[in-house]
Each structure stands twice: as C-alpha cells, then as structure tokens.
Amino acid sequence: MSIEGKKRVVTTRRLREMKQRGEKIAMLTVYDYTMASIMDTAGVDIMLVGDSAANIMAGHETTLPITLEQMIYHAQSVVRAVKNPMVVVDMPFGTYQGNSKEAVHSAIRLMKESEADAVKLEGGRDVLESVQRILSAGIPVMGHLGLTPQSILKFGTYSVRAKDEAEAARLLEDAHLLEEAGCFAVVLEKIPAALGKRVTEELKIPMIGIGAGRFVDGQVLVAHDMLGLNRQFSPRFLRRYANLYDAMQEAFRHYVKDVKAGCFPDEKEQY
Ligand code: KIV
C-alpha cells in the first residue's frame, strides 16, 4: 500500500511521472526478506518478485513449475521488508492463460495474501482478456513482451526476439494493446535496442528493459545474476556488479577449515 502517507512511496502515477521527466526507473528481482531489506535501502524503484524464483531459488530449468502458493510465499517475505519501492509479483504459468476468470481469481489471491502492489503477466493479445479483467478488479498490471520465459517450450530458444519486421510490428501492436487496456508499465525482454527505443518513444507508459538496450525508460536485472551468484548464465546484457559466488565460497571454505582445525569457536566465542 502506498497512497498518501501509507507505507510504500513508488506508485503507478509516480512511475508515469518519472517517464515524463526522463528519470530512469531501476527495478530488480527479489524473492526473500533478507535481500529485500538490503535492497530497500539502496534506492530501487520497483522490486519484482519474479517467477525466476523457480530457477534461482528452487533450481528448476524453466519458470513453469512454480505455483501460485509459492509465489504468494515469496511475495509475503518481500513485502514484510519493503518501505519505499513498489512490489510487483509475477503471476505464475497456468494461472491466467486462456481463462480470464481464473486470472482475476489468481490475481486477487496474490494481492490479498501478499499485500503486494501489482501483478505482472507475460504476453500481449493472447492474454488481453485476462489483463482487462484483472484491471477491472482494480489491480495494477505490468505487461511483459519479447522473450517470455513461460512460453519457452513453444519457442524452444532463449535467442533475441522480434528481430524481423513482422515480429517487431506485432510486438509494437501488443504494447499498444496493453497500454490501451490500462497496464501501467511493460517489461521488454531481449529485443533489439532500436525496437526498444521505438516502443519507448511511441508509448506513454514506462518500458522497463532487460536486454532491450539503453533507450528504454528503466532497467531490470535478476539480482542473483548482477551480484555474481550465478556462474552459468552470461548473456550479453548482464553486467555483474559483484562477485558474491567467490566471496561466499571463500567464506564457506574458511569456516570448514576452522572447524576441522578446531579453531572455531575460540575462547571468546563460547559461554
Ligand atoms: O521473473 C523474472 O525474473 C522476470 C524478469 C526477467 C523481468 O520476469
């Protein structure tokens, strides 16, 4: 909740004003209380409780297996920590595709049980009815176009999307449809920078890119990737701001060494 003196200060209206002022929007994924507490102090505008939790937290190959209950659990953990940023929660695969009644039911559960600020759905025209129905229940919706990981099995590749003209035109139309429906922002994943620029210029609502170039209104990264906790995933768009894999491995090794050598705990660390 964030309106007038309540808890969180980043609102859908504020994001639109940021776009109008040309102020960039910083968004990161987060799935747990401790990381959300740290992020909350760093000036992040939007925290995304992404369904990438399926990969990062649970070790699944795709985002498909994560359930509504698991997303609610992650969202609750994040919301408990957050003061300023807006908290957006991904609707998991199977909770909105092809059934707008189920979509609104799932979105209401996410909002009621986690107290997050908004939901995110993947897709354009194919999920428009669900988007409209969720919006008509008063729930803010963020769209997601380009590479949509919940459809990965259909496409069979994580390669750059909308490289040819027909696909680019379709993406642009989808972005317009989402804006007209009332979405407050759209994530653009892994598309050419020139297309990211065009969509951003044509639309009034903010476009948040991940691998969509520098001309969009904001950027999102998976926090575990930008912290260098993940060694396998190295797409071109990923900038690593830390090397926590090595830092953590070193700490674990040091601890094991101390325990084996009998030098942890020492005199001061016992009762
Ligand atoms: O779940 C996720 O991490 C996402 C980002 C890639 C935007 O949707």
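Let me begin with the lining of the largest pocket, which by class has 12 nonpolar, 10 polar and eight charged residues. In that count, Ala, Val, Leu, Ile, Met, Phe, Trp, Tyr, Cys and Pro are nonpolar, Asp, Glu, Lys and Arg are charged, and the others, Gly among them, are polar. Please keep in mind that this is a predicted model, in which local features need pLDDT of at least 70 and side-chain atom pairs count only at pLDDT 80 or more, while totals for chains, interfaces and linings use all residues. Residues are numbered from 1 along each chain as its sequence is written, and side-chain values use heavy atoms, with hydrogens and water left out.

I stay with the pockets for a moment. Rolling a probe the size of a water molecule over the atoms shows where empty space is left. A pocket here is an open set of points on a 1 Å grid over the protein atoms alone, where a 1.4 Å probe fits and protein lies on both sides within 12 Å along at least five of seven lines; lining residues have an atom within 4 Å of a point. Grid points are joined across faces, edges and corners, and the volume is the space filled by probe spheres set on them.

The largest pocket holds about 660 Å³ of space. Its lining comprises 30 residues, and those closest to the centre are Ser-52, Asn-55, Glu-189, Val-222 and Phe-233. Two elements give two or more residues to this lining, helix H3 (53-56) and strand E6 (185-189); helices (H or I, at least four residues) and strands (E, at least two) are DSSP runs, numbered from the N terminus.

The second largest pocket has about 530 Å³ of space. Among its 23 lining residues, Gly-123, Asp-126, Thr-148, Ser-151 and Phe-155 lie nearest the centre. Strand E5 (141-146), helix H7 (152-155) and helix H8 (165-181) each give two or more residues to that lining, with H8 providing the largest share, four residues. By class, this second lining has seven nonpolar, eight polar and eight charged residues.

Which residues have the most contacts inside the largest nonpolar core? They are Val-119, Ile-134, Leu-188 and Val-199, in a core of 62 residues. Helix H4 (residues 68-79) gives the most to this core, with six residues. Such a core is a set of buried Ala, Val, Leu, Ile, Met, Phe, Trp, Tyr and Cys residues joined through side-chain atoms within 4.5 Å. Buried means under 20% relative accessible area, exposed over 50%, and partly exposed in between, with a 1.4 Å probe and protein chains only.

Leaving aside neighbours within four places in sequence, the contacts of Leu-188 (heavy atoms within 4.5 Å) include Leu-145, Leu-171, Val-199, Met-207 and Val-216.

Next, the charged pairs. Side chains of opposite charge can pair when their charged atoms come close. The structure holds 13 salt bridges, each a side-chain nitrogen of Lys or Arg within 4 Å of a carboxyl oxygen of Asp or Glu.

One of them joins Lys-120 and Asp-90, with the closest N and O atoms 2.8 Å apart. This pair links distant parts of the chain, since Lys-120 is in strand E4 (residues 118-120) and Asp-90 in strand E3 (residues 86-90), 30 residues apart. Both Lys-120 and Asp-90 are buried.

Within helix H5 (residues 100-114), Arg-109 and Glu-113 lie four residues apart, about one turn of the helix, and their side chains meet in a salt bridge of 2.7 Å, N to O. Arg-109 counts as partly exposed because its relative accessibility is 23%. In helix H9 (residues 193-202), Lys-197 and Glu-201 are likewise four residues apart, and their salt bridge spans 3.1 Å, N to O. Glu-201 counts as exposed because its relative accessibility is 58%. Salt bridges that share partners also join Glu-69, Arg-109 and Glu-113 into one network.

Asp-51 sits in the loop between strand E2 (46-49) and H3. Is Asp-51 buried or exposed? At 4% relative accessibility, Asp-51 counts as buried. Its contacts, beyond four places in sequence, are Thr-63, Ile-66, Met-71, Asp-90, Glu-122 and Gln-150.

I close with the backbone. A cis peptide bond, with omega of about -5°, joins Phe-264 and Pro-265. Glu-115, in the loop between H5 and E4, has a positive phi of about 60° although it is not a glycine.
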